[in-house]
Amino acid sequence: MDMLQSHRAEAISIAVALVAVGAATAYYFYIANSNSKSKQKGCLDPEKFKEFKLVKRTQLSHNVAKFRFALPTATSVLGLPIGQHMSCRGKDSNGEDVIKPYTPTTLDSDLGHFELVIKMYPQGRMSHQFREMCEGDFLAVKGPKGRFKYEPNQVKAFGMLAGGTGITPMFQVTRAILESPDDKTNIHLLYANVTYDDILLKEELDSLANTFPDRFSVYYVLNQPPEGWNGGVGFISKEMIQTYCPAPASDIQILRCGPPPMNKAMAALLESLGYSPQMQFQF
């Protein structure tokens, strides 16, 4: 009788152990599968252009539009690291190929699509491509590209100096930081334009500033401000940088992106204020 009970207890122990092993194995494969889904391969190819269909075009002003392109499936990710860009290929007004870098305003958390906010200039070669694009057309894209490598909390704070369409990489980095619960980086943005109507993504920027008042601030600067304007006037100045950006330190970084003359002027101002080359990055 004792031997029978002993065998029975041993069989139960073995069964329990097998159930535990099975459960652990199932859990392992579940986690592995989940991780593989969260780290799924992006749709971009750094070596060759791939075409993506324009599914929605939204006109934001007389010369600015938002273009939404579909990815292969509703759960596909573009695969663009934060702060990097991609090359877009199109045709100019003479029918010749033209390639220009752009940064989407979306992140890989935006599944199934990516968006570009494009300002179309009268004489811009790539502007012609976007001006002529209709829903259903395709855009050739290659990437990712760029030297910027972002890791959460790599600095205590970013100062951002943007001009015109140079806001797009800043917006992408800002969104990624503020939407990550583990990232505590603070962001101070100075955004310069000619007129009020030239300000891109203003509604989105203001929304982020209202949602994260202790983490993100934006100060607009206009060369031709409207009557009653209470922001900055003229160009980004040394005094504006001192007032609205973090002071030089080993744990801060100033990002800048704008037209070449602006980038050159900002580099000179930052140097005069004591920001070392290691504290700066130009997109």
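Leu201 counts as buried because its relative accessibility is 10% (buried means under 20% relative accessible area, exposed over 50%, partly exposed in between, with a 1.4 Å probe and protein chains only). Leu201 sits in the loop between β8 (186–193) and α4 (202–211), and has a positive phi of about 60° although it is not a glycine. Asn153 is also not a glycine and has a positive phi of about 65°. Its place is the loop between β6 and β7 (157–163), and at 38% relative accessibility Asn153 counts as partly exposed. Helices (H or I, at least four residues) and strands (E, at least two) are DSSP runs, numbered from the N terminus.

## About the model

This is a predicted model, where local features need pLDDT of at least 70, side-chain atom pairs count only at pLDDT 80 or more, and totals for chains, interfaces and linings use all residues. Residues are numbered from 1 along each chain as its sequence is written, and side-chain values use heavy atoms, with hydrogens and water left out.

## Strand β6 and its partners

Let's turn to β6. Strand β1 (residues 50–59) and strand β6 (residues 138–145) run antiparallel and are joined by four bridges; two strands pair if DSSP finds at least two bridges between them. Here Lys53 stands opposite Phe138 in β6. Strand β3 (residues 85–91) also pairs with β6 in the antiparallel sense, over four bridges, and Cys88 has Val141 in β6 as its bridge partner.

Strand β6 also contains Pro144, and the peptide bond from Gly143 to Pro144 is cis, with omega near 5°. For context, most peptide bonds are trans, and most residues other than glycine have a negative phi.

## Helix α6

At 1.5 Å a residue, the 13 residues of helix α6 (residues 260–272) should span 18 Å, which agrees with the 19 Å between its end C-alpha atoms; the expected span is 1.5 Å times one less than the number of residues.

The buried residues of α6 are Met262, Asn263, Met266 and Leu270. They cover an arc of only 95° around the axis, so they lie on the same side of α6; the arc is that of the directions from the helix axis to the C-beta atoms. On the face turned away from this buried side, α6 carries the exposed residues Pro260, Pro261, Lys264 and Glu271.
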